[in-house]
Amino acid sequence: MGEKLRSAFNKATIHLKPQKQGTCGLYSFWYATVLLSTFKSNLPIVYPRKGMPEAEKAGFSGESLRHFAKSNGSGQGEVFTSQQMVKIIREFKYDCVEFRNESESARKAFISEALKAERPVLVPYAMGDEKPVSKNVEDPLSHWSLIYDEDATEYVVLNPWYPNTPQHWTKQRVLKSNAYVDTHRYQKYFVKEQRNREDAETPYHERSKSSAYPGNQPPPAPQQYYDTKPDVQDLANLLIAVF
């Protein structure tokens, strides 16, 4: 099951980079293109941000995922609905099947069938303490990752926080958190990333916890913050298989 995807991760010639700011959905899709392009020569690798060394080395000169997302209403690349993600995937010459069902067994079956067909699955879920959660925790996040393998009880997941260390999470945990993701909407205001900062290459989640501005009121220094524009967040029970 999913032998090509498993082999693709092991043989990938690119070092997967962790996300910056709220771009977990874009980075998860980038990982999908890295895996799929290793055994589908007609599919390109697309890149989440302009000027990435990996993109420059590959001679990539097209539009970045982040630029396209921002041009279509995203604050810094956040993805809050299935329509947004599907539009991004198809704009960059990939296709997908979206599936939404409250039944855990139905979603479990969809993931298994997608992996059998060598299609990695984008999954949004509620994240807490760096793991999927389905109950109230301190500072929960809406997050995207990529499922590319499974065994009898666990999914193997590329989390944009630690993409080079596949996570092994129980299927029940992932599916419950997938249903729970909209319980806490994504934070509206975040500190803008500053160029030439000493921690410019530090993954966003490892930076200061004060990066988010609490509440939905504009921050006192708006020029230092950006609005994620989460006018609608509709991700619960959503799965998207990419091919």
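1. A nonpolar core is a set of buried Ala, Val, Leu, Ile, Met, Phe, Trp, Tyr and Cys residues joined through side-chain atoms within 4.5 Å. Keep that in mind for what follows. The model here is a predicted one.

2. The largest nonpolar core has 60 residues. Phe29, Trp30, Ile88, Ile89, Trp144, Ile147 and Ile240 touch the most other members. Helix H2 (residues 24-37) supplies the largest share of this core, 10 residues. In soluble globular proteins, nonpolar side chains tend to be buried together.

3. Look at isoleucine 147 next. Neighbours within four places in sequence aside, isoleucine 147 is in contact with Ile111, Leu115, Pro120, Val121, Val123, Tyr155, Val156, Val157 and Val174.

4. Helix H6 covers residues 104-116. Its 13 residues reach 18 Å from first C-alpha to last, close to the 18 Å expected. Arg107, Phe110, Ile111, Ser112, Ala114 and Leu115 are buried in H6. Just after H6, glutamate 118 takes a positive phi of about 60°.

5. Now the charged pairs. The structure holds 9 salt bridges. One joins lysine 116 to glutamate 113, with the closest N and O atoms 3.5 Å apart. These two residues sit 3 apart in helix H6, so about one helical turn separates them. Lysine 116 is partly exposed at 49% relative accessibility, and glutamate 113 is partly exposed at 48%.

6. Glutamate 3 pairs with arginine 6 in a salt bridge, at 2.7 Å between the closest N and O atoms. Glu3, Arg6 and Asp149 are linked in a network of salt bridges.

7. Which parts of the chain does the salt bridge between aspartate 234 and arginine 100 link? The N to O distance is 3.4 Å. Aspartate 234 lies in the loop between strands S9 (225-227) and S10 (238-242), and arginine 100 in strand S1 (residues 96-100), 134 residues apart.

Conventions: Residues are numbered from 1 along each chain as its sequence is written. This is a predicted model: local features need pLDDT of at least 70, side-chain atom pairs count only at pLDDT 80 or more; totals for chains, interfaces and linings use all residues. Side-chain values use heavy atoms; hydrogens and water are left out. Helices (H or I, at least four residues) and strands (E, at least two) are DSSP runs, numbered from the N terminus. The expected span of a helix is 1.5 Å times one less than its number of residues. Buried means under 20% relative accessible area, exposed over 50%, partly exposed in between (1.4 Å probe, protein chains only). Contact means heavy atoms within 4.5 Å. A salt bridge is a side-chain nitrogen of Lys or Arg within 4 Å of a carboxyl oxygen of Asp or Glu.
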